[in-house]
Amino acid sequence: MSALNRVPSLMARAGTASALTLAAVGGSVVVPGVASEAAAASHAAKALKVAASKKGSPYRWGATGPYRFDCSGLTLYSFKKAGKKLPRTAAQQYNKTRHVSAKSRRAGDLVFFHSGRSVYHVGIYAGKGKLWHAPKTGDVVRLQKIWTSSVWYGRVK
């Protein structure tokens, strides 16, 4: 459910009388969380477009762009271009995101691959079970189907 679709229910919880009073005197209703969710979605959409624009760029361990990338270098670069700062490694990025369920994932969320509790790879969710990522040495940035269920999702704050 988008943030804007939740406004009526959030207003109900905030109190209809206060919203009506504000409207009567020409005020505006501020719904906590709605603007920040919309801004996060905008940053995620921009980051997704940046990652897609790097299609075919060669993988290089430790590279953060603009012409070569490793996995976390691609996500760092993409979100930086979208106005958000991320730490350098996949594990650090996981620790800086708001964790979301697979059911709640959205395009632009980060996809973290893990073995047990250890995060070893990251990409940007593109929707329909696919992600943009820089896979490995000898490969290039590309769109690929998520090949395992051992993934976690994180939303950049």
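Which backbone nitrogen does the side chain of aspartate 70 reach at 2.7 Å? Keep that in mind while you set up the view. You're looking at a predicted model, where local features need pLDDT of at least 70, side-chain atom pairs count only at pLDDT 80 or more, and totals for chains, interfaces and linings use all residues. Residues are numbered from 1 along each chain as its sequence is written, and side-chain values use heavy atoms, with hydrogens and water left out.

**Stop 1: aspartate 70.** Select aspartate 70, in the loop between helix H3 (34-53) and helix H4 (71-81). Helices (H or I, at least four residues) and strands (E, at least two) are DSSP runs, numbered from the N terminus. The side chain reaches the backbone nitrogen of glycine 73; that's a polar contact, meaning a pair of N or O atoms within 3.5 Å, where within protein one must be able to donate a hydrogen and the other to accept it, and residues adjacent in sequence count only if both atoms are side-chain atoms. Aspartate 70 has 7% relative accessibility, so it counts as buried (under 20% relative accessible area; exposed is over 50%, partly exposed in between, with a 1.4 Å probe and protein chains only).

**Stop 2: the sheet.** Now show the strands. You'll find an open sheet of six, ordered E1-E6-E2-E3-E4-E5 with antiparallel pairing; two strands pair if DSSP finds at least two bridges between them. Strand E1 (97-100) and strand E5 (142-145) are the edges, each pairing on one side only. Next, pick strand E2 (residues 110-115), which pairs with E6 over four bridges. Valine 111 stands opposite tyrosine 153 in E6.

**Stop 3: the aromatic rings.** How many aromatic pairs does the structure hold? There are five. Rings of Phe, Tyr and Trp (its six-membered ring) pair if their centres lie within 6.5 Å; planes under 30 degrees apart count as stacked, over 60 as edge-to-face and the rest as tilted. Select tyrosine 125 and tyrosine 153: their ring centres are 5.9 Å apart and their planes at 80°, so this pair is edge-to-face. Tyrosine 125 lies in strand E3 (residues 118-127) and tyrosine 153 in strand E6 (residues 151-156), so the pair ties together parts 28 residues apart in sequence. Both tyrosine 125 and tyrosine 153 are buried.

**Stop 4: tryptophan 152.** Stay in strand E6 and click tryptophan 152. Its relative accessibility is 26%, so tryptophan 152 counts as partly exposed. Ring pairs link Tyr94, Phe112 and Trp152 into a cluster.
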